[in-house]
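Hi,

Here is the complex I promised to pass on.

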Amino acid sequence: MLKLFETEILSLDKLTDEQTAIKVKDFSVWLNNSLVLNKIDMRIPKNKITAMIGQSGCGKSTLLSSFNRMNELNQKYAFSGEVELDGRNIYNKKENVAKLRTRVGMVFQRPNPFPMSIYENVCFGLRIQGKTERRMLDDIVETSLRNAALWDEVKGRLFDSALLLSGGQQQRLVIARALALKPEILLLDEPTSALDPLTTLHIEELINQLKKTTTVVIVTHNMQQAARVSDYAVFLHQGELIEYSDSDSLFTMPAKKQTEDYITGRYG
Amino acid sequence: MRKFSGSEKQTISSFASGLSAAILLIVLISLVLFIVLKGSAYFWPSQVFKMITYDTPNTEVSVFVPSSIDIDEFNQALSNKLNAQFSNSTLPMPLMVVEKVDAVYQISLHSGAIQYGKFQQINTPNRERYQLAALNDVVADVAIFQNQLHDIQTNYLTVLHRKIALLNQSGVGEKAPARLKELEQFTFWQQKAEALRQKLASYHLIFIDASGQPFDVLVKDINHLFQPNVMSLFDKVLYSGNKIIEFVSESPKQASTSGGVFPALFGTVLMVLLMAVIVAPFGAMAAIYLHEYAPNNMTTSVIRICVSNMAGVPSVVYGVFGLGFFVYTLGGSIDALLFSDALPSPTFGTPGLFWAALTMALLTLPVVIVSTEEGLRRVPEGLRAGSYALGATKVETIWKTVLPVASPGIMTGVILAIARAAGEVAPLILVGAVKFAPSLPVDGEFPFLHLERQFMHLGVFIYDGAFHNQTNTEGSSMMFASCMLLLIIVFILNLFAIIVRNKLRDRYVRI
């Protein structure tokens, strides 16, 4: 029964609130006074991997960073609509943004480890939350690094500078850093675009492991990657949501002409 | 005019730029070399020549003159000077003869004065010893007497004086037996001290000056006695070493023409450190506000331009501002509020160390702001985003990730500020640096660091020394030595700051 449930592809139209991680309602974004996202409506299922695809500038990264309000760091940012987490609009005035970001982790295109030791990098979020008990930190660092498949490579040099790691290791460290906060949702913004194929494979395996406990939303330009990794896929074009369905159908028999053109490489 | 071809233009432009770089390098090197050569001459013992001038056929005037050059060069320089003065004049050229006299002694006194003369004899009260070989014994005797005198003064006279002062305070009568007893004691020790002083005054050396006249030098006044013209190289090196130690550890003597520059050295370093402590946090905060918080609009740009322009304001303007605002207005208010007992004599309402450090901090603030902002600009956006994405607030992001990465930029600003403040003169004269300060700004008295005191500064000391230049050759060579010291101080302070900056860079910036 359980196995059946795991492999079952839920119908996106009939997602219950319990099965939904993020509910996007009529959400539009303007950056520098130009419309970037136009009235997006979608539900992202819990503990699944959802891929976002589309041309550069189609608004997928903007949509991704709307889920933890990282957009606001841009100047001249305006929005309308709602994004709900557990039935709560995260754009309400009283939302604690810092707290929100500990629940919704994010990993960026380029690895951005802090200029500190590997250990301190993983602890960063915890320390900010005022957690300083050494034994607990040690445990969390080890678990996070194991979950990010980095533990074996760095266990002997936890207190060396994180800047000495290779690009792939740095990216896994950054993922471990996000995992240390045990986020409910993990947003990945082209996490493998700067990495070599083998490291990319490592990270894809890692993402697959993560979905047991975490909802993953991944932006990628790599169609194969999106097809390999994701359970669901959404195709955006010029700020519009064109098609959203389970990956199997989207990549094998897209409903819309535009989607088909994009995934077969006829434009973009 | 013929046109140059493309490749010729290339050659000319590369040659011209190379030439200007070479000229710049030569100028820099010669500046440092000049200062170092002139400055180190101060520490090397100078030779002494006897210069005899025959004004009229029958009168001759002789003097001993110290010189750092040898006798041929000296003669050459002298004849050049005479030629220049007298070749176009109707006056007859005076006859001058320069000779090197080996037997001449240089007598350096404790007061800093220097005399030259040939040794004749030692006079002691018991008239036993006459020869120079006995000088060491005489000096030992004198030292014993001086210790006794010192002992009497500190252990008896001062104590008795205090006791009598206490009696005066408590209103004990003129003829009270306690007072009479103390007075009697006081007179007794005073007489003893007087006897010792007389004894000391009877130990003296007799020298003969250049024109053959004898003169007295008290043994107790002599600091160092040696024959500069017959010194061995080892002795000269030893002498230089002592002189260097004296230079950096003693106070100036003889109106800043001899002795050391320790108070100026100490004042410079203390003022610069105080300034760095004030300017670094202020400059960094201002830069953080401008870069991280201020909205990116017209007002911010105007503020930025103002900050850059502040760096170009003449330093004497800052001095005047420091005097008018910090010293008179702020200092005056502090006096009125906290030190009203001491008024009308001012405590903080007068130029002093703190106001100087504050003025210099203000003067170097733009430099620190600009280079900190430069450092902040170099912090990758990814780091900020990474920090925010882990739930850090803006303050936490700035303190934990942005500032460490920008810290080399802050240090660069502090380095520039230090170099500027250590060499500044004009504003310092207005707000607290003096030609001679009777006491250091740090001593054993509470609160140990006396921010209100005036202090000495190497730059001001050099400026002051430059005025001795026309009349006194010793003064000018001390000025060069101070210049050299100032260069070394700035170099050491910069080196220290650069090492710190590189450490920070290794630690926080991507390799």
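Starting with chain B: there are 14 helices and 10 strands in it, where helices (H or I, at least four residues) and strands (E, at least two) are DSSP runs, numbered from the N terminus. Before you dig in, bear in mind that this is a predicted model, in which local features need pLDDT of at least 70, side-chain atom pairs count only at pLDDT 80 or more, and totals for chains, interfaces and linings use all residues. Residues are numbered from 1 along each chain as its sequence is written, while chains are lettered from A and ligands numbered from 1 in the order in which they are written.

On confidence, pLDDT is the predictor's confidence in each residue, from 0 to 100. Chain B averages 82, with 94% of the residues scoring at least 70. Within chain B, helix 9 (residues 353-377) has the highest mean at 92, and strand 10 (residues 258-259) the lowest at 72. Chain A has a mean pLDDT of 85, and 95% of its residues reach 70 or more. (Two residues are in contact if their C-beta atoms, placed from the backbone, lie within 7 Å.) For the complex, the predictor gives an ipTM of 0.88 and a pTM of 0.76.

Now the overall build of the two chains. The radius of gyration is taken over C-alpha atoms, and the globule rule is 2.2 Å times the number of residues to the power 0.38. For the 511 residues of chain B, a compact globule would come out near 24 Å, but chain B has 32 Å. Its C-alpha trace spans about 95 × 90 × 45 Å along the principal axes. Chain A has 268 residues and a radius of gyration of 18 Å, which agrees with the value near 18 Å for a compact globule. The C-alpha atoms of chain A fill a box of roughly 55 × 40 × 40 Å along the principal axes, and chain A has 11 helices and 10 strands.

Burial goes by C-beta atoms placed from the backbone: a residue is buried if 20 or more others lie within 10 Å of its own, exposed if 12 or fewer, and partly exposed in between. That makes 29% of the 511 residues in chain B buried, and 46% of the 268 residues of chain A. In chain B, 70% of the contacts between residues at least 6 apart in sequence join residues at least 24 apart; for chain A, 69% of the contacts with a separation of 6 or more are between residues 24 or more positions apart.

Where do the chains meet? The contact takes 21 residues from chain B and 21 residues from chain A. On the chain B side, the elements giving two or more residues are helix 10 (381-389), helix 11 (394-423) and helix 14 (473-508). Helix 10 of chain B gives the most, with six residues.

Chain B also has a sheet worth a look. Five strands form an open sheet in the order 7-6-5-4-8, with antiparallel pairing; two strands pair if DSSP finds at least two bridges between them. Strand 7 and strand 8 (222-226) of chain B are the edges, each pairing on one side only. Strand 6 (residues 204-208) and strand 7 (residues 214-218) of chain B are joined by five bridges, and B:F207 stands opposite B:F215. Five residues lie between the strands of that hairpin, and B:G212 takes a positive phi near 95°. Strand 4 (residues 104-109) and strand 5 (residues 114-123) of chain B also pair over five bridges, with B:Y116 as the bridge partner of B:Q106.

Lastly, two residues I checked. B:H291 lies in helix 6 (residues 262-293) of chain B and counts as buried because it has 22 C-beta neighbours inside 10 Å. Leaving aside neighbours within four places in sequence, B:H291 is in contact with B:E373, B:L376 and B:R377. B:V490, in helix 14 of chain B, has 19 such neighbours inside 10 Å, so B:V490 counts as partly exposed. With the neighbours within four places in sequence left aside, B:V490 is in contact with B:A419, B:A422 and B:G423.

Cheers
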